[in-house]
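Work through the exercises below with the model open. Each task is followed by a worked solution.

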Amino acid sequence: GRSGFPRCKGRSQPLAVFELLGVKGEVAEEALAFAAKYARALSLYRQREFRAAIRALNDLGRETDRLDDPSLNHLRAACERARTSRPGDWLPVSDL
C-alpha cells in the first residue's frame, strides 16, 4: 500500500490530505481522541521513527479493539520500513 503524502502525476510537490471528521463541536470525543493518536503515529512514521510508529499504532489498536484501513496500511508499511530502510533512502511521499 501507499503511505505518506501523495504527489500527483505532473506535479513536483506532494499534497497534504485531510480527513473530515464532522462539524466542529459535534464530533464524538472518541473520534477526536482516535484522530489525535493516529496523527501522532503518522507523524512518527513520516519522521522515519518506524518502531515508535508501530508501538503507537499497536497501542491505538489495543485501545479501540480495531484499526481502520489507513491505520492498518501505515502499520504494515512501518513494519516493512523498520525491516528494510536505511538512513536517507526514503521520503514520506507516494507518487500517484
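**Exercise 1.** Which helices do the buried residues of helix 3 pack against?

*Solution.* This is a predicted model, in which local features need pLDDT of at least 70, side-chain atom pairs count only at pLDDT 80 or more, and totals for chains, interfaces and linings use all residues. Residues are numbered from 1 along each chain as its sequence is written, and side-chain values use heavy atoms, without hydrogens and water.

Step 1: locate the helix, a DSSP run of H or I with at least four residues, numbered from the N terminus. Helix 3 covers residues 69–84.

Step 2: list its buried residues (under 20% relative accessible area, 1.4 Å probe, protein chains only). They are Ser71, His74, Leu75, Ala77, Ala78 and Ala82.

Step 3: find their contacts (heavy atoms within 4.5 Å). The buried residues of helix 3 pack against helix 1 (29–46) and helix 2 (50–64).

**Exercise 2.** Determine how helix 2 and helix 3 are oriented to each other.

*Solution.* Step 1: take the axes, lines fitted to C-alpha atoms over the stretch in contact, with angles from 0 to 180 degrees between N-to-C directions. The axes of helix 2 and helix 3 come within 9 Å and cross at roughly 150°.

Step 2: classify the angle. Helix 2 and helix 3 are therefore roughly antiparallel (over 145 degrees).

**Exercise 3.** Repeat the analysis for helix 1 and helix 2.

*Solution.* Step 1: their axes lie 7 Å apart, at an angle of about 160°.

Step 2: helix 1 and helix 2 are therefore roughly antiparallel too.

Step 3: on the helix 1 side, the contact residues include Phe34, Tyr38 and Leu44; on the helix 2 side, Phe50, Ala53 and Leu60 are among them.

Note on methods: Helices (H or I, at least four residues) and strands (E, at least two) are DSSP runs, numbered from the N terminus. The expected span of a helix is 1.5 Å times one less than its number of residues. Buried means under 20% relative accessible area, exposed over 50%, partly exposed in between (1.4 Å probe, protein chains only). Angles under 35 degrees count as roughly parallel, over 145 as roughly antiparallel, 65 to 115 as roughly perpendicular and the rest as oblique.
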